[in-house]
Amino acid sequence: MTSLSAYIDDLAGFITASPSSYHAAAEAARRLDAAGFVRRDEADDWSEVDPGRGPGRAGRYYVVRDGAIVAWVQPTGAQPTTPFRILGAHTDSPGFKLKPKPTTGSYGWLQAGVEVYGGPLANSWLDRELELAGRLVTTDGVQHLVRTGPFLRIPQLAVHLDRAANEALSLDRQRHLNPVFGVGDLRQADLIGHLAALAGVDGADVAGYDILTADTNPPARFGLDDELFAAGRMDNLTSVHAGLTALLEVSENDEAISVLAAFDHEELGSQSRSGASGPMLEDILSRIGDDLGATVSERLRAFAESWCVSADAGHSVHPNYPERHDPANLPLAGRGPLLKINGNQRYATDAAGASLWARCSAAAGVPYQEFVSNNTVPCGSTIGPLTATRLGIRTVDVGVPLLSMHSARELAHVNDPFSLSAAITAFFAGA
């Protein structure tokens, strides 16, 4: 594995290249292409376009579906009952998404009409230079990625006009969160036309779009000994990057089929065709089994021996709010990835999963720490329980400890993303 500093630099580059889920999938695909992976079209007959596939044949492949990507390494000697080792993550993050008819404004200001995407920490998005990023789809059905760079800002009301702002800031989602991007005559403004021009297409040809906001402040390493790392979208690009980095190191002599499944729409509940509750992963695992000549029974035997590590960011203990954490389980930044546990199965970890993660961490030579919620604080969830329920594959939930989760800019210790990738590398290697 590369050095810690090189790893963090690469993570920063991945985050910078991935302001939306669509860009994250494209950047992952670019890196896979460079490593010799072969892209598969879901509409193709894979046996016809790649007659070399089949039992005993090695290969490296990936599929992109909208803002999600699934990649896998089929080892030499793979058979119908060869198990899978799956790293599950997600490419989306909370923020704001453009509405239909998004060019709005009043009192001489030009504004973007947005709706809340997921559960952002809304006040953290105020007074930042934001960009718009995502995809335009033209009338011919072709997708065009686009990003603006620094372009808009959600201005906060001055304290002189709201003397109680520091005591109780209240933000109306409809009235107070529409960003400004200029001044002028609203009748002459065309936000979608501007995005289309950046993408090199005619605005009149844009039939649909999925465009979200992203913070444009670059990732930064800082603090004592440069041990702190801040960036947007670390929930959950830290996991996507860790899984991708680990997959690129997988040997074709391994005993399992290693899979990276980076889903979209986790922040909305994963209920989509590219989300973890959708059929994408099951579809691809089934097609891999078909190529290996697996019967239904053999596929179920492969699933019974398989594992999924669901990697999503978690909470480090907050020094200013320690009472929000379980008093006996206080995970610290820099002390290793989290093993996420919840008695009500909001996380999929059980005793067997804890044992697996202990082995992976020991094999990688990195520490880990347990996370469980305070009983009075509702526990979030991940793709872990969804994957376990849909496929019946044993699943364990892990992740990098963060402060300021769902902020426009989150905070981690540099050791933890690096350690997560090392443990995932050991997981793919069969620890």
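Select aspartate 127, in the loop between strand E6 (109-117) and strand E7 (130-138). Strands here are DSSP runs of E with at least two residues, helices are runs of H or I with at least four, and both are numbered from the N terminus. Phi of aspartate 127 is near 55°, a positive value in a residue other than glycine. Aspartate 127 counts as partly exposed because its relative accessibility is 32%. Buried means under 20% relative accessible area, exposed over 50%, and partly exposed in between (1.4 Å probe, protein chains only).

This is a predicted model: local features need pLDDT of at least 70, side-chain atom pairs count only at pLDDT 80 or more, and totals for chains, interfaces and linings use all residues. Residues are numbered from 1 along each chain as its sequence is written, and side-chain values use heavy atoms, with hydrogens and water left out.

Next, select arginine 233. The loop between strand E12 (228-231) and H5 holds it. Its phi is positive too, about 60°, although arginine 233 is not a glycine. At 12% relative accessibility, arginine 233 counts as buried.

Step to aspartate 235 and asparagine 236. A cis peptide bond joins them, with omega about 20°. Asparagine 236 sits in helix H5 (residues 234-247).

On a 1 Å grid over the protein atoms alone, a cavity is a set of points where a 1.4 Å probe fits but cannot get out; a pocket is an open set with protein on both sides within 12 Å along at least five of seven lines; lining residues have an atom within 4 Å of a point. Grid points are joined across faces, edges and corners, and a volume is the space filled by probe spheres set on the points.

The largest pocket has a volume of about 1000 Å³. Select His315, Pro378, Gly380, Met405 and His406: of the 41 lining residues, these are the closest to its centre. Strand E15 (314-315) and helix H9 (383-391) each supply at least two residues of this lining.

How many cavities of 30 Å³ or more does the whole structure hold? The search finds one. About 50 Å³ of space lies in this largest cavity. Helix H6 (280-291) and H9 each give two or more residues to its lining. Among the lining residues are Phe263, Met280, Thr387 and Arg390.

Finally, zoom out. The protein has ten helices and 20 strands. Its C-alpha atoms fill a box of roughly 70 × 55 × 40 Å, taken along the principal axes. Of the 431 residues, 53% count as buried.
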